[in-house]
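Hi there,

Here is the structure I promised to pass on.

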Amino acid sequence: MFLQRSSRAVRRQWHLYKGLNQAVVCGAYASQQQSWAKGFHSTKRMQVVKPVLLADIGEGIVECEIIQWFVEPEARVEEFSPLCEVQSDKASVEITSRFSGVVKKLHYEAGDMAKVGKPFVDIDIQGDAKKEDLEALTVPEPSRREEAGASLQPEEEPISTQPSQEQKAATPASTEASLTKGNGRARPSKNNGTYGSLATPAVRHLSKELTVDITEIQGTGKDGRVLKEDVYKFAESRTSSRSNTAASPPTPASPSFSYPQTPTDNTQVETPTPLTNVQAQMFKAMTRSLAIPHFIYADEIDFSRLHSLRSRLNATLAKEKGDLAKVSYLPFIIKAVSMALYQYPILNARVDIDSSTEKPSLVMRSQHNIGIAMDTPAGLLVPVLKNVGSMNVYSIAAELVRLQSLATTGKLSVQDLSGGTITVSNIGNIGGTYLAPVIVDKAVAILGIGRMREVPGFDDDGSSDAVVRKQICNFSWSADHRVVDGATMARAADVVRRLVEQPDQMILHLR
């Protein structure tokens, strides 16, 4: 009897213990499941919000202007979708996304200057992105020691990946309504404002000259692009509206362009005017260039034979009716410079200073990438003819036409404007006989071409004292006197002179 009672008591204790154990196990499992669920929602493999750095868009470019944004916060972007358009001192470039995700923050407004290598947009990167790609495009996370030090500081509010009520009120109710998506590319809607308007750099330069806000203009070009005609019409309508609303008696509408009235009180008026982006970049580049000790070497070139050869070649091109209508003098000069660089490669080098030892050295370059200074509506640009040594005169002329067309419309790419080793500046088509060109950074020489003029002279063969008409042009060279001496520059300039004055010699060296 006693044993039966004992066994029943033991069984009851066992069932009670078993029930409590199951409850504890289930509770621990539930809490573990809850922690797993929290960890699942915050895992970095599913959601990574990091600032994306503005990559290097060209040689020597440290900042660029944000022309327009193609996205806005909370907008979905796909891989290779355009994020924004930036304008450097050389060209406008469209920055695309490397990953798919959701835009969280824009670090700059349209018109701001963005620093290369600094964050310009925050993207919630989704998907299986490679670790090395993320580290290359985003700011590195703080180390454990930095995190430990940060934990001693007052706690900051946690950053939520979900938009708050204030953010929802500030942003449009529907992102799809504010973006027009086509072919996987997110584009802003037609409403103008923070995200700017589509326009070439030349049109934007014109709008600044006329003090017109380009975001207020409704473009009539392709995809809503603002054209020059749109800027002129907007300026005229603004002038007419101001004249109609003026309180003074109506006066005839003044023309768009007029001379300012001379002040009658003889007081000097100074108006600060900010530099354009191209002017600001030129200011910095020329300041660096003037740290180089220049010396000038000038020579007089007889273009009479080249003038006769060019006339015959252009007559042949006119009969063929090909893509190239005529050849100017510049392709022959560029080819002559390239041929002289084979004999004097030091003029194709650049000066490099070791950051650790501060010792200078010369970096010799095999290809002749000759930059051509061009006067464009946006200002002075220097597109580059790549590997001129492997080109003939005809191909150089065709490439010049292509670059000139792109420069006029503001469509030069970064590749067209980078990698120059020596520069040729033809100021003669505007005017001026002599000039003192400034060496471009990362080069040791530059050639300036003056205006061609007709002068009387004696015949070169010396057979008679007859006076003949000659086509004379002056070449002005500038060289880095730290590494180039005057004798080397004079010998190289003499090679260019002989090739231009006797263009038949080029035939022996053409490739």
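One feature to start with is an N-terminal cap: a side-chain oxygen of Asp485 lies 3.3 Å from the backbone nitrogen of Ala487, capping the N-terminal end of helix α13. That is a polar contact (a pair of N or O atoms within 3.5 Å; within protein, one must be able to donate a hydrogen and the other to accept it, and residues adjacent in sequence count only if both atoms are side-chain atoms).

Before going further, some housekeeping. This is a predicted model, in which local features need pLDDT of at least 70 and side-chain atom pairs count only at pLDDT 80 or more, while totals for chains, interfaces and linings use all residues. Residues are numbered from 1 along each chain as its sequence is written, and side-chain values use heavy atoms, with hydrogens and water left out.

The chain as a whole: its secondary structure comes to 13 helices and 20 strands, taken as DSSP runs numbered from the N terminus (helices are H or I, at least four residues; strands are E, at least two). Of the 511 residues, 36% are buried, meaning under 20% relative accessible area with a 1.4 Å probe and protein chains only. Among contacts (heavy atoms within 4.5 Å) with a separation of 6 or more, 63% are between residues 24 or more positions apart.

Back to α13, which covers residues 486–501. Its 16 residues reach 22 Å from first C-alpha to last, close to the 22 Å expected, where the expected span is 1.5 Å times one less than the number of residues. Its buried residues include Met489, Ala492, Val496 and Leu499. What do the buried residues of α13 pack against? Their partners are β11 (294–302), α9 (304–320), α10 (330–343) and β20 (467–480).

In β20, 11 of 14 residues are buried. Pairing here requires at least two DSSP bridges between the strands, and β20 has these antiparallel partners:

- β11, joined to β20 by nine bridges, with Ile296 partnered by Ser478.
- β18 (residues 445–449), paired over five bridges, with Ile449 opposite Phe475.
- β19 (residues 453–458), joined by six bridges, with Gly457 partnered by Val468.

Elsewhere, an open sheet of four strands runs in the order β1-β8-β6-β3, with antiparallel pairing. β1 (48–53) and β3 (76–77) are at its edges and have a single partner strand each, so one side of each lacks a neighbour in the sheet. Six bridges link β1 to β8 (residues 119–125), and Val52 has Val121 as its bridge partner.

Leaving out residues up to four places away in sequence, Gly371 touches Val382, Pro383, Val384, Ile422, Thr423 and Val424. From Gly371 to Gly419 the C-alpha distance is 8.5 Å, although they are 48 residues apart in sequence.

Finally, the cysteines. How many disulfides does the structure hold? There are zero, with a disulfide being a pair of cysteine sulfur atoms within 2.5 Å. For Cys64, the nearest cysteine sulfur belongs to Cys84 and is 7.5 Å away. Cys64 is buried at a relative accessible area of 0%, and Cys473 is buried at 2%.

Best wishes

Technical notes:
Buried < 20%, exposed > 50% of the residue type's maximum accessible area, 1.4 Å probe, protein only.
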